[in-house]
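Please read it beside the sequence and the structure.

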Amino acid sequence: MNRYGPAEVESWMFEFWNEPELEVYWPGTDEEYFELYSRTFHTMKNISRNLLIGAPGRIITLRSNLFSERFFAFCRERECLPDFIPCHFYPHENLEGFFEPDEEQSELRKLEPYRILLEEFRGISPNPDYLRDMLTREKQLLEKEGLSDREIYLTEFNSTAFHRELTNDTLYKAAYIAKNLIDNLDRIQGFGYWVLSDNIEETSASPALFHGGLGLIAQYGIPKPAMYAYELLAKLGDQLIERGEGYIVTKSANAYQILCYNYCHFDDLYALGDTSFVTPTSRYSGFKNERTVKLEFQLDGIDSGRYTIVRRSLNRSSGSSFDVWVEMGAPSIMTGEDLHYIKQRSEPGRHITHVDVENRHMTCTFTLEPHAVELVELIPVI
């Protein structure tokens, strides 16, 4: 507060603790966690009532609500209900059935779920809409607790918790991000992808450039397709026109944006942990329903005139540093020149045309290979 001033610090959001229901992060009892939270909450609020505190930062795919129910009951008793609700999401279902909702929380801890999640890739949900369904469940829990007015922030999410999941480097992750953010765009207040860079200390470093790390950026600052997915999403307008399976249409000022994606989910064998048909250089064998998708949009009611059409494409030929690396021979030792080449070649495709719009409507088409993401911007020429 002394360094930055109240106005700045009061704009921050403090997530209190990380996944306290897992022993690796909180080896004490639930009651000890609750007490630490209460004392911290009241200490901060005594400094400023406007400081924003969220808790408990739990994984919403752990199906038991017991921890949250006990936590919120404690908060009511101590008058320390959190200002917002932070959540974490990884689509693993391998814990399901290990415990019943009425079991004591201590029983859950004995399972060492964190070790299971990080050391073994198994139990990925076969449900491509798992995030949407788990957020619905979380909102129902908060409504039951009388906390439906609290904002929800997904402060950690990814398609896996495994730091060596080889599809993390591929084009698949771009479509995964596009689908899940668009599907849940207005259902919660924020999404925090875990994590920015593959250079993270949670696991030992890998000598391989593309080793399946969780980051948006590989070693040496090489952007992955996932990073470019965020870049395209950031260009969407602030007015929603329409969205549906595989697309969203937005407007900003007098420009229009259409973003489409071709999401393909893991096939059942791969999701269960059979990775025998995937290699470091061949990582697209673990998906089902792979097909090329064609979409056509007709925009009606737009102003007549001349427009610049900017098309940005993420596919295996454009915007995928992993596929560039494979194409160049998958070298295990990289020179500075090699790294520069990958960075230059991994930019999304870009194509610009101009059209004259008459009668206030125009048609826009997309042809998307599996896992591809594409953004079209219609910008009026003034």
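Is Cys260 buried or exposed? Cys260 is buried, with a relative accessible area of 0%, where buried means under 20% relative accessible area, exposed over 50% and partly exposed in between, using a 1.4 Å probe and protein chains only.

1. On the basis of the note. This is a predicted model, in which local features need pLDDT of at least 70 and side-chain atom pairs count only at pLDDT 80 or more, while totals for chains, interfaces and linings use all residues. Residues are numbered from 1 along each chain as its sequence is written, and side-chain values use heavy atoms, with hydrogens and water left out.

2. On the cysteines. With a disulfide taken as a pair of cysteine sulfur atoms within 2.5 Å, the count comes to zero. Cys75 is in no disulfide, the nearest cysteine sulfur being that of Cys80 at 4.1 Å, and Cys75 counts as buried at 0% relative accessibility. Cys260 is likewise in no disulfide, and the nearest cysteine sulfur, that of Cys364, is 7.6 Å away.

3. On the nonpolar cores. A nonpolar core is here a set of buried Ala, Val, Leu, Ile, Met, Phe, Trp, Tyr and Cys residues joined through side-chain atoms within 4.5 Å. The largest has 76 residues, and those with the most contacts inside it are Tyr37, Phe89, Leu154, Ile177, Leu259 and Val373. Helix 7 (residues 172-183) gives the largest share of this core, eight residues; helices (H or I, at least four residues) and strands (E, at least two) are DSSP runs, numbered from the N terminus. Apart from this core lies another, of 18 residues, among them Tyr247, Leu299, Met362 and Leu378.

4. On the surroundings of Tyr37. If residues up to four places away in sequence are not counted, Tyr37 touches Phe16, Ile53, Ala55, Phe71, Cys75, Cys80, Leu81 and Pro82, a contact being heavy atoms within 4.5 Å.

5. On strand 4 (residues 84-89). Six of the six residues of this strand are buried, so strand 4 is largely enclosed by the rest of the structure. Phe84, Pro86 and His88 point one way, whereas Ile85, Cys87 and Phe89 point the other way. Two strands pair if DSSP finds at least two bridges between them: strand 4 runs parallel to strand 3 (residues 58-59), to which two bridges join it, and pairs with strand 5 (residues 151-157) in the parallel sense over six bridges.

6. On the salt bridges. A search of the whole structure finds 24 of them, each a side-chain nitrogen of Lys or Arg within 4 Å of a carboxyl oxygen of Asp or Glu. Asp30 forms one with Arg70, the closest N and O atoms being 2.9 Å apart. Asp30 lies in helix 2 (residues 30-47) and Arg70 in helix 3 (residues 66-78), so the pair ties together parts that are 40 residues apart in sequence. Asp30 counts as buried at 6% relative accessibility, whereas Arg70 is partly exposed at 28%.

7. Asp186 is exposed, with a relative accessible area of 55%. Asp129, Arg132, Asp133, Lys179 and Asp183 are linked in a network of salt bridges.
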